[in-house]
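Visitor: Can you walk me through this one? I have the viewer open.
Guide: Happy to. Here it comes.
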Amino acid sequence: MGTTRTEFLCRSLGAFGTAVLALERFGLLNALAQSTGYRALVCIFLNGGNDGGNMIIPYDDYSAYQSAREPSGLAIPQSSLLRTGVVPSVGVEFGFHPSLTGLHDLWGEQKLAVVCNVGPLVEPTNRDSYRNRTARLPLNLFSHSDQINQWQTSVSDAASSSGWGGRAADKIGDLNVTVFPPVTSTVGTPIFTVGNIERPLAIATAPTRLDAALRIDGFPNPPDNDPRYVEMQNLLLLDQDKTLVRGASRVTGEALAMERALRSTGDPAVPPFPLNPRTNLGNQLEQIAKVISVRNDLGMNRQIFFCSLGGFDTHNAQVVGGTPATGTHANLLLQVSDAMKAFYDATVQLGVASQVTTFTLSDFSRTWVPNGTLGTDHAWGSHQFVSGGAVRGGDFYGIAGSNGTVFPTLAANGPDDTDDGGNARGRWIPTVAIDQYGATLASWLGVSNADLPAIFPNIGRFSQSNLGFLTGSSSGKKKNRRNA
């Protein structure tokens with residue numbers, strides 16, 4: 001039996017089919033347009049639930065931390081903490097985990113901020129309204145899959161088929177002068193990247209060359225002179241009177257054009273990458289830096305990137321017994337710190353440090369009281385890092401809670417804990433909703449206040465939509481990419 005046209009195309013494209021869908025609206029004629037007023041967001045998702053309690057530690061009130069965590073062997077020694085100096089918004093000193101040397105350097109340069117006690121919320125919630133169930137609560141609290149979904153969609157009280165990164169891309173995509181996808185991921189297409197209009201582009205990480213980050217399986221590289229490749233392009237010209245065939249052919253043709261466009265960029269150097277030794281997150285951020293370096297070739301004014309690092313579900317062996325500053329969590333934080341610092345330095349070299357903002361997300365934080373197996377369990381509100389030249393660094397941001405500051409009261413069965421009684425674990429009720437955290441980032445990127453509710457459906461339930469940790473508002477005349 002002969003191979004049908006559809007079968008031929010599907011087999012030829014192979015794994016490239018995902019990129020085909022991602023590039024539905026690409027226009028090759030615009031690929032070399034020059035961009036102005038560039039801005040980009042880079043999301044780093046820490047899969048598993050990062051223990052914020054051992055990431056940012058009270059220095060002046062170290063005894064409260066020590067009494068909670070030292071008996072279980074998790075307390076990081078005070079002498080090893082990387083001191084912040086007095087944090088202006090809180091009035092006391094903290095310390096970073098000793099693995100966070102790169103981020104501590106950025107803190108000292110005022111290019112890093114901490115957003116405190118962020119998490120999924122349906123509406124403002126405190127201990128009383130939580131325990132009395134008078135506040136509407138997120139679905140399935142403390143569940144990995146549900147909390148990951150809520151962090152990435154910002155919708156905590158219902159299912160969502162799109163993410164807030166993708167919906168932000170829907171609103172700012174027309175600021176680009178091409179229809180190259182405004183969202184790029186190095187880890188497939190998680191829901192954060194999926195919009196109602198825009199579709200994400202998934203690319204390979206370094207050390208894969210940028211000009212090979214999109215490959216067509218089954219063809220040589222480059223494929224241009226391969227007879228099967230030429231015939232495939234000829235097939236795309238057939239049956240143009242049939243609507244579905246014409247649409248599918250257009251999508252495929254545009255994807256092939258995008259592959260050629262990326263192939264033409266070469267493989268730019270982005271010092272100080274590559275890291276030595278290479279790391280998972282370092283490889284992802286290196287490839288993102290390469291894409292940013294060719295932004296003008298691709299005609300991009302606004303971009304959103306997504307990458308991730310797993311391993312943060314530290315129910316046990318979070319630290320090495322007897323040496324709590326080492327172990328799984330220390331190694332993960334070191335990877336995050338080194339990669340984020342190298343990425344910031346790369347943006348300085350590229351001349352876009354003030355135009356690129358990097359931020360973290362994670363499922364949740366961990367219980368303040370450890371579990372007795374050198375580990376911690378699922379909690380709720382967590383602290384996040386934001387870095388970049390536009391960041392008002394060297395300070396903590398958020399919404400003041402029960403103690404009048406943005407940093408929660410670190411006491412099990414205390415005023416910010418979901419738990420009560422002698423078995424309370426310390427799971428902080430967030431004072432900052434994901435909606436507020438994300439809206440601050442999206443506004444900086446160029447999303448108008450009028451468009452925020454379309455991205456963050458519950459934002460109107462919170463009194464403050466901008467937390468103030470970024471300088472400058474983004475503006476730009478929208479360009480119709482279909483007619484550009």
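Visitor: How many helices and strands does the chain have?
Guide: The chain has 14 helices and twelve strands. Helices (H or I, at least four residues) and strands (E, at least two) are DSSP runs, numbered from the N terminus.

Visitor: What should I know about the model first?
Guide: This is a predicted model: local features need pLDDT of at least 70, side-chain atom pairs count only at pLDDT 80 or more, and totals for chains, interfaces and linings use all residues. Residues are numbered from 1 along each chain as its sequence is written, and side-chain values use heavy atoms, with hydrogens and water left out.

Visitor: What share of the 484 residues counts as buried?
Guide: 58% of them. Buried means under 20% relative accessible area, exposed over 50%, partly exposed in between (1.4 Å probe, protein chains only).

Visitor: Which residues touch the most other members in the largest nonpolar core?
Guide: I56, F96, F273, L285, F343, F385 and F396, out of 71 residues in that core. A nonpolar core here is a set of buried Ala, Val, Leu, Ile, Met, Phe, Trp, Tyr and Cys residues joined through side-chain atoms within 4.5 Å.

Visitor: Which helix gives the most to this core?
Guide: Helix 12, residues 328-350, with nine residues. Another core lies apart from it, with 38 residues, among them W164, L175, A390 and I455.

Visitor: Back to L285. What is L285 in contact with?
Guide: Leaving aside neighbours within four places in sequence, L285 is in contact with V42, I44, F273, C307, A339, M340 and F343. Contact means heavy atoms within 4.5 Å. L285 is also one of the buried residues of helix 10.

Visitor: And helix 10 itself, how many of its residues are buried?
Guide: Twelve of its 14. Those buried residues pack against strand 1, helix 11 (295-298), strand 8, helix 12 and strand 9. Helix 10 covers residues 280-293 and reaches 20 Å from its first C-alpha to its last, close to the 20 Å expected at 1.5 Å a residue. The expected span is 1.5 Å times one less than the number of residues.

Visitor: Strand 8 keeps coming up. Why is strand 8 largely enclosed by the rest of the structure?
Guide: Eight of the eight residues of strand 8 (302-309) are buried, so the rest of the structure largely encloses it. R302, I304, F306 and S308 are buried on one side, and Q303, F305, C307 and L309 on the other. In a regular strand the side chains alternate between the two faces of the sheet.

Visitor: In which sense do strand 1 and strand 8 pair?
Guide: Parallel, over eight bridges, with strand 1 at residues 39-46. R39 stands opposite R302. Strand 6 (183-185) also runs parallel to strand 8, through three bridges, and T184 stands opposite F305. Two strands pair if DSSP finds at least two bridges between them.

Visitor: New topic. What does T358 touch?
Guide: T358 lies in strand 9. Not counting residues up to four places away in sequence, it touches V42, I44, M340, F343, F385, V386 and S387. T358 counts as buried, at 3% relative accessibility.

Visitor: Where is G195?
Guide: In the loop between strand 6 and strand 7 (201-202). G195 is buried, at 14% relative accessible area. G195 and G166 are 29 residues apart in sequence but 3.7 Å apart in space, C-alpha to C-alpha. G166 is among the buried residues of helix 7.

Visitor: How many residues of helix 7 are buried?
Guide: Eight of its nine, in a helix that spans residues 164-172. Their cover includes helix 6 (144-153), strand 6, strand 8, strand 9 (356-362), helix 13 (434-445) and helix 14 (452-455).

Visitor: Last one. How many cavities of 30 Å³ or more turn up in the whole structure?
Guide: Five. A cavity is a set of points, on a 1 Å grid over the protein atoms alone, where a 1.4 Å probe fits but cannot get out; lining residues have an atom within 4 Å of a point. Grid points are joined across faces, edges and corners, and a volume is the space filled by probe spheres set on the points.

Key. On a 1 Å grid over the protein atoms alone, a cavity is a set of points where a 1.4 Å probe fits but cannot get out, and a pocket is an open set with protein on both sides within 12 Å along at least five of seven lines; lining residues have an atom within 4 Å of a point.
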